[in-house]
Amino acid sequence: MGESFTPPSPMSSSQHNHVKRMLNSNRFKSPSKTIYSDRFIPSRSASNFALFNLSPSTEDGCSCSPYGSALRSALFGPSTPDKFESPNIFRFKSETRQSMHSLSHTPFTSHDALLPGYDYNHKPLKRPRKIPPSSFKVLDAPALQDDFYLNLVDWSSSNVLAVALENSVYLWNASSSKVTKLCDLGADDSVCSVGWAPLGTYLAVGSNSGKVQIWDVSQGKSIRTMEGHRLRVGTLAWSSSLLSSGGRDKSIYQRDIRVQEDFVSKLSGHKSEVCGLKWSYDNRELASGGNDNKLLVWNQNSTQPILKFCGHTAAVKAIAWSPHANGLLASGGGTADRSIRFWNTTTNSQLNCIDTGSQVCNLVWSKNVNELVSTHGYSQNQIMVWKYPTMSKLATLTGHSFRVLYLSISPDGQTIVTGAGDETLRFWNVFPSRKSQNTESEIGASSLGRSIIR
């Protein structure tokens, strides 16, 4: 404090010696005065080391001072473990070298955080799930019809895929890859829809003639044929022992397979062909979509719709109930509409509307995570995976060369199968495995182990 700063002399031959003395003060010491640098670095001899529990060095040079030792240790690591110990300034681990493996996992290993208030032990951000862009299996499906209003593919809870090809129904066992022919309706009829009962023991088959057959798959025979529709039956939906069928005659028939009558009630509300039917997971509400652009909701006892949603501007075939929230319903519109709309059937309101850019053919909601899949026709023929409720797009999958008219999901909820007029069935790994057995989010869903499709 009492000493004044003496600036260095102009460029001269003595400056070189001056710098050398600063760099190596142990060799060159002025006998008369303390040397100061030209960068305003104060003399350490005037420092009060007692404030830091340090004893002053007997050497005036900074290279051997406690400050210099601490600085070298901080920058290059201590040369000897016990050369400097000061809990008040820096604290170092005794091990200064780390393997590449440890560095890749824990980049900062000092006891003190490098930045005040920052937690270097925090968990890393979860990376987005990577959805494979290609199907992992393709099955040929000769003569699979390119008809938007039909529903020709369904995957059972017992891991068997039913596929309708013209007038026949084939069963493909996903566990064994074995294919069997279940039925043939003859040259005068054709299959327009298939639907598995919840337990996977019975398969309903809707025909072009308007009849509905119930097949016992284990026995390989038809146990009954039910009439009612005057035209083709393009869609089927089960609710326990109750089977709903929708037809081109604009009507929906409710059939209880435990009673002798062909149907227990007839639902009238659509003004054109019924092409989509889905029961809610709690089996309390039935949603129906038609070529009249209407989405109707029915309860178990109604013969008239309890709700009418008229937001779509094209046929409504794609329908999906959320397994995660009661009363949450999604629907998709055809070529002139191209949108996915979300409805709250409890409040009778529309929640959201997303323009997908192409015809919406099918929707299915994941039971494992709050995501859904949509399949599309004109003009992109794509499959899209969405995160709900943000409706952020997780993946866009392509592979079909025709409209992706058919969609079903595996019993474990991880794999989807899609079908198109290009006469192929494609299998995609889309959703993650079920992480917890939460019954609240799995109403009406069976819990089966993973069966790998090969």
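Author: Leaving aside its neighbours within four places in sequence, Leu 171 is in contact (heavy atoms within 4.5 Å) with Val 160, Leu 161, Ala 162, Lys 178, Val 179, Thr 180, Leu 182, Trp 196, Leu 203 and Val 217. The model is predicted: local features need pLDDT of at least 70 and side-chain atom pairs count only at pLDDT 80 or more, while totals for chains, interfaces and linings use all residues. Residues are numbered from 1 along each chain as its sequence is written, and side-chain values use heavy atoms, with hydrogens and water left out.

Leu 171 is among the residues with the most contacts inside the largest nonpolar core, together with Leu 144, Leu 161, Val 169, Leu 203 and Leu 425. Buried means under 20% relative accessible area, exposed over 50%, and partly exposed in between, with a 1.4 Å probe and protein chains only. Two or more core residues come from each of the strands S2 (153–155), S3 (160–165), S4 (168–173), S5 (179–184), S6 (191–196), S7 (202–207), S26 (404–409) and S28 (424–429). S3 gives the largest share, six residues. Nonpolar side chains in soluble globular proteins tend to be buried together. Helices (H or I, at least four residues) and strands (E, at least two) are DSSP runs, numbered from the N terminus.

S2, S3, S4 and S5 form an open sheet in that order, with antiparallel pairing; two strands pair if DSSP finds at least two bridges between them. S2 and S5 are the edge strands, each pairing on one side only. On average, neighbouring strands here are turned by 20° against each other, direction ignored. Axes for such angles are lines fitted to C-alpha atoms, for helices over the stretch in contact, and the angles run from 0 to 180 degrees between N-to-C directions. Five bridges hold the antiparallel pair S4 and S5, and Ser 168 has Asp 184 in S5 as its bridge partner.

A second open sheet, also of four strands, has the order S10-S11-S12-S13 and antiparallel pairing. Its edges are S10 (233–239) and S13 (265–268). S10 is joined to S11 (residues 242–247) by six bridges, with Val 233 opposite Gly 247.

Elsewhere, Ser 288 lies in strand S15 (residues 285–290). With a relative accessible area of 0%, Ser 288 counts as buried. Its side chain makes polar contacts with the side chains of His 270 at 2.8 Å and Trp 298 at 2.9 Å. A polar contact is a pair of N or O atoms within 3.5 Å; within protein, one must be able to donate a hydrogen and the other to accept it, and residues adjacent in sequence count only if both atoms are side-chain atoms. Beyond four places in sequence, Ser 288 also touches other residues, including Ile 252, Leu 277 and Ile 319.

Cys 183 is buried at 3% relative accessible area, and Cys 275 is buried at 0%. The disulfide count is zero, where a disulfide is a pair of cysteine sulfur atoms within 2.5 Å.

For the protein as a whole, there are three helices and 28 strands. Buried residues make up 46% of its 454 residues.

Definitions and conventions
Core = buried A, V, L, I, M, F, W, Y, C linked by side-chain atoms within 4.5 Å.
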